[in-house]
Amino acid sequence: MIRCLVNFLEFLVNRFYRNRWYPRFYVLETVARVPYFAYISVLHLYESLGCWRKADWLKVHFAESWNELHHLLIMESLGGDRQWLDCFIARHAALVYYWIIVFLYLIAPHSAYYFAELVERHAYHTYDTFLQEKGDELKVLEAPPIAINYYRDGDLYMFDEFQTSHLPAERRPIVNNLYDVFVAIRDDEEEHIKTMVACQKSDAQFILKSPHNKVIHSA
Ligand SMILES: [Fe+2]
Ligand SMILES: [Fe+2]
């Protein structure tokens, strides 16, 4: 059922945004943050009720939402949010999606993570196709300042924090042009897939750690 729903959403996005790449990415990235908001909301509820404490998961999911926020800021800097209708579609889709994931996470957390895994796989393939089709054009365009700051020149703590398959500072993207930025975004989506897969494992609550806490515990 989850796969069918994701396929249907994919079909709608592909049809409606066939050649409008940046508005398409803007919609995708607006919606991409929502599962992480939903997980954080439910985990906070469990903490408030005193029945579960998963500080590492809160940190990792927040860092994932922070990463998706920066994808969104990059798309906005490229003009993806210029049309009112695209903003309307993205925000309303995000609102509906948020409540679906909240309820799904409450009753079946594995399914909620599987849903996000499929969405992240779709994002990865969308960016990969874009790089193959538009690579030469992107290589002569400048990287937006927001991307340079997030991936290269700014504080990279949050960038390291969402990648549970790496130790801090293991992955440092090159950001010299717009092509590099989209490579970094595509590779980020792959990291989200890995984290979503890890969250579905039966022993996830014991093995999933924030990358910075892994360093503290191994010291
Ligand atoms: Fe993204
Ligand atoms: Fe994503």
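1. Let's start with one residue: Ala 169 is exposed, as 12 other C-beta atoms lie within 10 Å. Helices here are DSSP runs of H or I with at least four residues, numbered from the N terminus.

2. A word on the source: this is a predicted model, in which local features need pLDDT of at least 70 and side-chain atom pairs count only at pLDDT 80 or more, while totals for chains, interfaces and linings use all residues. Residues are numbered from 1 along each chain as its sequence is written, and chains are lettered from A and ligands numbered from 1 in the order in which they are written.

3. Now look at Gly 80, in the loop between H4 and helix H5 (84-107). Is Gly 80 buried or exposed? Gly 80 is buried, because 24 other C-beta atoms lie within 10 Å. Leaving aside neighbours within four places in sequence, Gly 80 is in contact (C-beta atoms, placed from the backbone, within 7 Å) with Tyr 22, Pro 23, Phe 25, Tyr 26 and Met 75.

4. Helix H4 (residues 55-77) has 23 residues and reaches 33 Å from first C-alpha to last, close to the 33 Å expected at 1.5 Å a residue. (The expected span is 1.5 Å times one less than the number of residues.) Just after H4, Gly 79 has a positive phi of about 95°.

5. Helix H1 (residues 2-16) passes the length check too: its 15 residues should span 21 Å, and its end C-alpha atoms are 21 Å apart. The number of buried residues in H1 is zero, so H1 lies largely in the open.

6. Finally, follow H1 to its partner. The axes of H1 and helix H6 (residues 109-139) come within 10 Å and cross at roughly 30°. (Axes are lines fitted to C-alpha atoms, for helices over the stretch in contact, with angles from 0 to 180 degrees between N-to-C directions.) The two helices are therefore roughly parallel, a term for angles under 35 degrees. Ile 2, Arg 3, Val 6 and Glu 10 in H1 meet residues of H6 including Tyr 114, Phe 115 and Leu 118.

Conventions
A residue is buried if 20 or more other C-beta atoms lie within 10 Å of its own, exposed if 12 or fewer, and partly exposed in between; C-beta atoms are placed from the backbone. Angles under 35 degrees count as roughly parallel, over 145 as roughly antiparallel, 65 to 115 as roughly perpendicular and the rest as oblique. Two residues are in contact if their C-beta atoms, placed from the backbone, lie within 7 Å.
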